[in-house]
Amino acid sequence: MKEWFNAQDVRAARERISPWARVTPLEQSIYLDYADRNYQFKLESQQLGKSFKIRGALNTISQLSDYEKRHGVGTVSTGNHGVAVAIAAHVLGIPDCSVVVPLGTPHAKTDRIRFYGARSMMLGADYDDALTLGINYIDRAEMFYVDPFEHDTRVYAGQGTIGLEIMEQNPDVDTIVVPIGGGGLCTGIAVAAKSVKPSVRIVGVQTAACPAMVDSIRDNVCYSRFPTEGDTVCEAIVGGVGEIAFDMLPSLIDDIVVVSEKSIRSAFKFMIEREQLSVEAGSAMVVAAVREFPERVGGKNVALVISGGNLDINILTSVLAGDFEE
């Protein structure tokens, strides 16, 4: 395994982003109760921009040269990373910021992008199409491309600050459950948490609609583009995996659980109605994992990373109406 970044990079990132990024709560679950297990939610849904993504965006953009800052920044996103880049550009005084999103991205995210002064452009039927078209646009505009998860270690180090916070907030945590899309969040958390407590278990979760990391590890191929099968409520956590995550995660992660869309929808409804927490449907993957596979996830003190809280009202209405089989 190539060491693209390490815990020292994560600690430096924490110092760099601390003026803006919040230390989010690690909050006890009231209704998740299996045997003598203790479940706690790491609420990145309460982070600036309602997503963990601000950490990596701030760590990256704050290190740009004056030349790069003058030319502006751009990115491609299903929403949360775009919101984060818009906020980071705003607070760091970068006037020119463009965010390309796929068609159908929830208005809750595109409205937030524009609120912080960035341009929001819909290009491409899905994330992979938007990525191709968006990178071409950003390159032609001579902007700095803020990579969400593929090749920039600064993004990974920023996301990893969550792992440091969890271990400081509760040193007894023995298992951290993390949603996996491109893999940057899980890889960063694993590097940071295991530097504090090498025995801590890292369990990733993917939707059965897009198990890109599972298939990449199984086939030993970095699937940087990956199709989504059928409808999914996890629009923010689909697509291919990043090169750094593909290189580093197999030696850091202890297990990856794949959960069904029905299970995710049920967990999402549980979080809204029972735990009374505003979370994205995709973030509920980690709750689906411990509800469906409590023994496989294991642990006595388990932290569940709730990665975002930008709700899609259409998904919320559908799930609360019970438009799925329990």
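**View 1. Helix 2 passes helix 4 in a right-handed crossing.** A crossing is right-handed if the near helix is turned clockwise from the far one by less than a right angle, and left-handed if anticlockwise. Helix 2 spans residues 53-61 and helix 4 spans residues 80-91. Helices (H or I, at least four residues) are DSSP runs, numbered from the N terminus. The model is predicted: local features need pLDDT of at least 70, side-chain atom pairs count only at pLDDT 80 or more, and totals for chains, interfaces and linings use all residues. Residues are numbered from 1 along each chain as its sequence is written, and side-chain values use heavy atoms, with hydrogens and water left out. The two helices pack at an angle of about 45°, with their axes 8 Å apart. That makes helix 2 oblique to helix 4. Angles under 35 degrees count as roughly parallel, over 145 as roughly antiparallel, 65 to 115 as roughly perpendicular and the rest as oblique. Axes are lines fitted to C-alpha atoms over the stretch in contact, and angles run from 0 to 180 degrees between N-to-C directions.

**View 2. Phe5 and Tyr156 form a tilted aromatic pair.** The structure holds 4 aromatic pairs. Here the ring centres are 5.8 Å apart and the planes lie at 55°. Rings of Phe, Tyr and Trp (its six-membered ring) pair if their centres lie within 6.5 Å; planes under 30 degrees apart count as stacked, over 60 as edge-to-face and the rest as tilted. Phe5 lies in the segment before helix 1 (7-17), and Tyr156 in helix 7 (residues 153-169), so the pair ties together parts that are 151 residues apart in sequence. Both residues are buried (under 20% relative accessible area; exposed is over 50%, partly exposed in between; 1.4 Å probe, protein chains only).

**View 3. Phe115 and Tyr116 pair edge-to-face.** Their ring centres are 5.1 Å apart, with the planes at 90°. Phe115 is exposed, at 65% relative accessibility. Tyr116 is partly exposed, at 21%.

**View 4. The charged end of Arg274 sits over the ring of Tyr31.** The distance to the ring centre is 4.1 Å. The rule asks for NZ of Lys or CZ of Arg within 6 Å of the ring centre and within 35 degrees of the ring normal.

**View 5. Cys222 and Cys234 have sulfurs too far from Cys210 for a bond.** The Cys222 sulfur is 13 Å from that of Cys210, its closest cysteine sulfur. For Cys234, the closest is also in Cys210, at 9.5 Å. A disulfide needs a pair of cysteine sulfur atoms within 2.5 Å. The count is 0 disulfides. Cys222 is partly exposed, at 28%, whereas Cys234 is buried, at 0%.
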